[in-house]
Amino acid sequence: MRTDSTEMRLRALMLASLDGDAAAYRSLLDELGRHLRPYFVRRLTPAFAPHADDLVQETLLAIHTRRMTYDRTRPFTAWLHAVAHHKFVDHVRRQSIRLTVPLEDDAPIFAHDDNADALARHDLDVVLETVPPRTGDLIRRTRLDGASIAEAAAANHMSETAAKVSIHRGMKALVARFAGGPK
């Protein structure tokens, strides 16, 4: 599995660098730079995508200054994810961007629990069954799978406007049902 091999490789580089191996540290920072940029690009709106490189640099600097806080007994990518997430949240706060958190983190370098993913997917299926099937499909395609409104509308043979209305009403119904708001 790619995630496991990435975790093992990055963790080995981190441990070697903590033990004083300068070459391993340079390799670690180079590899993290290549992995972090797509992580941030996926989370930024197109208008803020140019900030991805700045976020990578801020994260690498934070890793450098806080590397001694890494617990050698824990997965490295979990620690890396926490550092990157905090840098992203700091950026959002600085830019006064409305934070949106994806329901599913598809970053290939971060360790995750497959069982938790399966349970979360099942829970999402149960929740989406409470709205009409077409609405559930539109929400799944746009909010979970990352499809555009146009793509989801085309797949459901409807106009973009109708798809937007359906998604809005479906999300409103889900909030009312599961957040205790008005129906």
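This is a predicted model: local features need pLDDT of at least 70, side-chain atom pairs count only at pLDDT 80 or more; totals for chains, interfaces and linings use all residues.
Of the 183 residues, 33% count as buried. The secondary structure comes to eight helices and zero strands. Along the sequence the pattern reads α-α-α-α-α-α-α-α. Among contacts with a separation of 6 or more, 58% join residues 24 or more positions apart.

The largest nonpolar core has 27 residues. Leu28, Leu32, Leu36, Phe40 and Phe76 have the most contacts inside it. A second, separate core has 11 residues. Leu138, Ile139, Ala153 and Leu174 are included in this second core. In soluble globular proteins, nonpolar side chains tend to be buried together.

Neighbours within four places in sequence were left aside. The remaining contacts of phenylalanine 76 are Glu7, Leu10, Arg11, Met14, Leu28, Leu32 and Tyr70. Alanine 12 lies 64 residues from phenylalanine 76 in sequence, yet the two C-alpha atoms are 9.0 Å apart. Alanine 12 belongs to helix H1. Its relative accessible area is 45%, so alanine 12 is partly exposed.

Threonine 77 lies in helix H4. Is this residue, threonine 77, buried or exposed? Its relative accessible area is 0%, which places threonine 77 among buried residues because the cut-off for burial is under 20%. The side chain of threonine 77 makes a polar contact of 2.5 Å with the side chain of glutamate 7. Glutamate 7 is also one of the contacts of phenylalanine 76.

Five salt bridges are found in the whole structure. One of them joins the side chains of arginine 9 and glutamate 31, with an N to O distance of 2.5 Å. This pair links distant parts of the chain, 22 residues apart. Arginine 9 is in helix H1, and glutamate 31 is in helix H2. Arginine 9 is partly exposed, at 37% relative accessibility. Glutamate 31 is buried, with a relative accessible area of 9%.

A salt bridge also joins the side chains of arginine 37 and aspartate 53, at 2.7 Å from N to O. Arginine 37 lies in helix H2 and aspartate 53 in helix H3, so this pair ties together parts that are 16 residues apart in sequence. Arginine 37 counts as partly exposed, at 36% relative accessibility. Aspartate 53 also counts as partly exposed, at 39%.

Aspartate 125 and arginine 140 form another salt bridge. Their closest N and O atoms are 2.7 Å apart. Aspartate 125 sits in helix H5 (residues 114-128) and arginine 140 in helix H6, 15 residues apart. Aspartate 125 counts as partly exposed, at 30% relative accessibility.

Helix H6 spans residues 133-144 and has 12 residues. From first to last C-alpha, H6 reaches 15 Å, close to the expected 16 Å. The buried residues of H6 are Thr135, Gly136, Leu138, Ile139, Thr142 and Leu144. Of these, Leu138 and Ile139 are included in the second core. Just after H6, glycine 146 takes a positive phi of about 85°.

Terms used:
Residues are numbered from 1 along each chain as its sequence is written. Side-chain values use heavy atoms; hydrogens and water are left out. Helices (H or I, at least four residues) and strands (E, at least two) are DSSP runs, numbered from the N terminus. The expected span of a helix is 1.5 Å times one less than its number of residues. Buried means under 20% relative accessible area, exposed over 50%, partly exposed in between (1.4 Å probe, protein chains only). A nonpolar core is a set of buried Ala, Val, Leu, Ile, Met, Phe, Trp, Tyr and Cys residues joined through side-chain atoms within 4.5 Å. Contact means heavy atoms within 4.5 Å. A polar contact is a pair of N or O atoms within 3.5 Å; within protein, one must be able to donate a hydrogen and the other to accept it, and residues adjacent in sequence count only if both atoms are side-chain atoms. A salt bridge is a side-chain nitrogen of Lys or Arg within 4 Å of a carboxyl oxygen of Asp or Glu.
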